[in-house]
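User: I've got a fold on my screen and want to talk it through, from single residues up to the whole chain. Can you take my questions one by one?

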Amino acid sequence: MTRISTPFTARTTATEILAGVDLTGRRVIVTGGASGIGAETVRALEGAGAEVTVATRRPADGQRALDLSDLGSVRRFVAEWSGPVHAIVANAGIMALPARRTTACGWELQLATNFLGHFALIDGLREHLRQAGGARVVMVSSGAQLRAPFDFDDPHFERRPYDPWAAYAQSKTADVLLAVAVARRWAADGVTANAHEPGYVHTNLQRHVDQATMRAMGAMDDDGNLLTPGYFKTPEQGAATSVLLAASPLLDGVTGRYFSNDNQEAEVVPGGPDATGGVAAWSVDPGAADRLWDLATAACRP
């Protein structure tokens, strides 16, 4: 299968991705669209004419309440929705919680928020996606998916020691597997699904990251002031790949792929501590995608 390339780069902004693209009449849901790369995703889509619904835990005017860690909240959002959905950008997430926390249904909180809530939202809106004709699902993952496969034996760290970064990595692997599963299962509905990594961007996502880690990344000085290393992107650049997958005509019909933060399809590589780029083979494994789908389906039953 030939890898897809685009004319864009890691420094292309979301607005530049959609230059000349008319999204009038398109309805898009962006989770976590109130700040960071989510807000820039919304701005670019609306600038091209799309009707965008911002789904966020603490909604302001013009936004809709959605707490992805609460399946009841997701069910209410789905029940209140009417009409077609042309794209869902699963952007919201949490990262590196310092201590293990679980939801009311017993799921580790990073996995529940980053993956399970989005699964429930996307699965619940399947008919609305089908109605749109050519709808797209976009999973915002991370290069962290290279660090850990999905642990089906102990996904919630009930037996193994909790590690903030392992938990985050597993949740981001799960996000890619969700895109793979949707691509495999919903092709007849005209729904495509892809995942990507936005790259390093200063956003609220880092609020749980300790200062020592931030300094090691070159993203904070000794006094606690944020720094922006050369490998970081602006929020406008970080949102570019979300917008590419959600709305660019260059990706019409493309499904089941993973894109790197340079707006190109990534190479499939062995995951592990030595991996420096690409998508881990375990993140795009069809068998794992199907197994995870079944696990999430069982968890989401009322």
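Predicted model: local features only at pLDDT ≥ 70, side-chain atom pairs only at ≥ 80, totals over all residues.

**Single residues, strands and the whole fold**

User: Leaving aside its neighbours within four places in sequence, which residues is proline 59 in contact with?

Analyst: Proline 59 belongs to the loop between β2 (51–56) and β3. Once its neighbours within four places in sequence are left aside, the contacts of proline 59 are Arg64 and Ala65.

User: How far apart in space are proline 59 and leucine 109, C-alpha to C-alpha?

Analyst: In sequence, 50 residues separate proline 59 from leucine 109. In space, C-alpha to C-alpha, the figure for this pair is 21 Å.

User: What is the strand order of the open sheet?

Analyst: The sheet has seven strands, with parallel pairing. At its edges sit β3 (63–65) and β7 (258–259), each pairing on one side only. Reading across, you get β3-β2-β1-β4-β5-β6-β7.

User: Why is β1 largely enclosed, and how many of its residues are buried?

Analyst: Strand β1 covers residues 27–31. Arg27, Ile29 and Thr31 point one way, Val28 and Val30 the other, and all are buried. β1 is largely enclosed by the rest of the structure because its buried count is five of the five residues.

User: Which residue in β2 stands opposite arginine 27?

Analyst: β1 and β2 run parallel and are paired over five bridges. Across from arginine 27, the residue in β2 is glutamate 51.

User: How many bridges join β5 to β6?

Analyst: On one side, β5 pairs with β4 (residues 87–90) in parallel through four bridges, and alanine 87 stands opposite arginine 136 there. With β6 (residues 192–196), β5 also runs parallel. In that pairing, valine 137 stands opposite alanine 193, and methionine 139 is opposite alanine 195. The number of bridges joining β5 to β6 is five.

User: How far apart in space are alanine 90 and arginine 75, C-alpha to C-alpha?

Analyst: The two are 15 residues apart in sequence. Going C-alpha to C-alpha in space, alanine 90 and arginine 75 are separated by 16 Å.

User: What is the relative accessible area of histidine 196?

Analyst: Histidine 196 is part of strand β6. Not counting residues up to four places away in sequence, it touches Val138, Met139, Val140, Ser141, Ser142, Thr241, Ser242, Leu245, Tyr258 and Phe259. Histidine 196 is buried, and its relative accessible area is 0%.

User: How many residues of helix α9 are buried?

Analyst: The buried residues of α9 are Ala240, Thr241, Ser242, Val243, Leu244, Leu245, Ala246 and Ala247. The helix (residues 240–247) is largely enclosed by the rest of the structure, because its buried residues number eight of the eight.

User: What is the radius of gyration of the protein?

Analyst: The protein has 10 helices and nine strands, and its C-alpha atoms fill a box of roughly 50 × 45 × 45 Å along the principal axes. A compact globule with 302 residues would have a radius of gyration near 19 Å. The protein agrees with that, at 18 Å.

User: Among contacts between residues at least 6 apart in sequence, what share joins residues at least 24 apart?

Analyst: Of the 302 residues, 55% count as buried. For contacts between residues at least 6 apart in sequence, the share joining residues at least 24 apart is 74%.

User: How far apart are the mean positions of the positive and negative charges?

Analyst: There are 27 positive and 33 negative charges in the protein. The distance between their mean positions is 4 Å.

Technical notes:
Residues numbered from 1 in each chain as written. Heavy atoms only, no water. Helix = DSSP H or I, 4+ residues; strand = E, 2+ residues; numbered from the N terminus. Rg over C-alpha atoms; globule rule 2.2 N^0.38 Å. Buried < 20%, exposed > 50% of the residue type's maximum accessible area, 1.4 Å probe, protein only. Contact = heavy atoms within 4.5 Å. Lys, Arg positive; Asp, Glu negative; His and termini not counted. Charge placed at Lys NZ, Arg CZ, Asp CG, Glu CD. Pairing = 2+ DSSP bridges.
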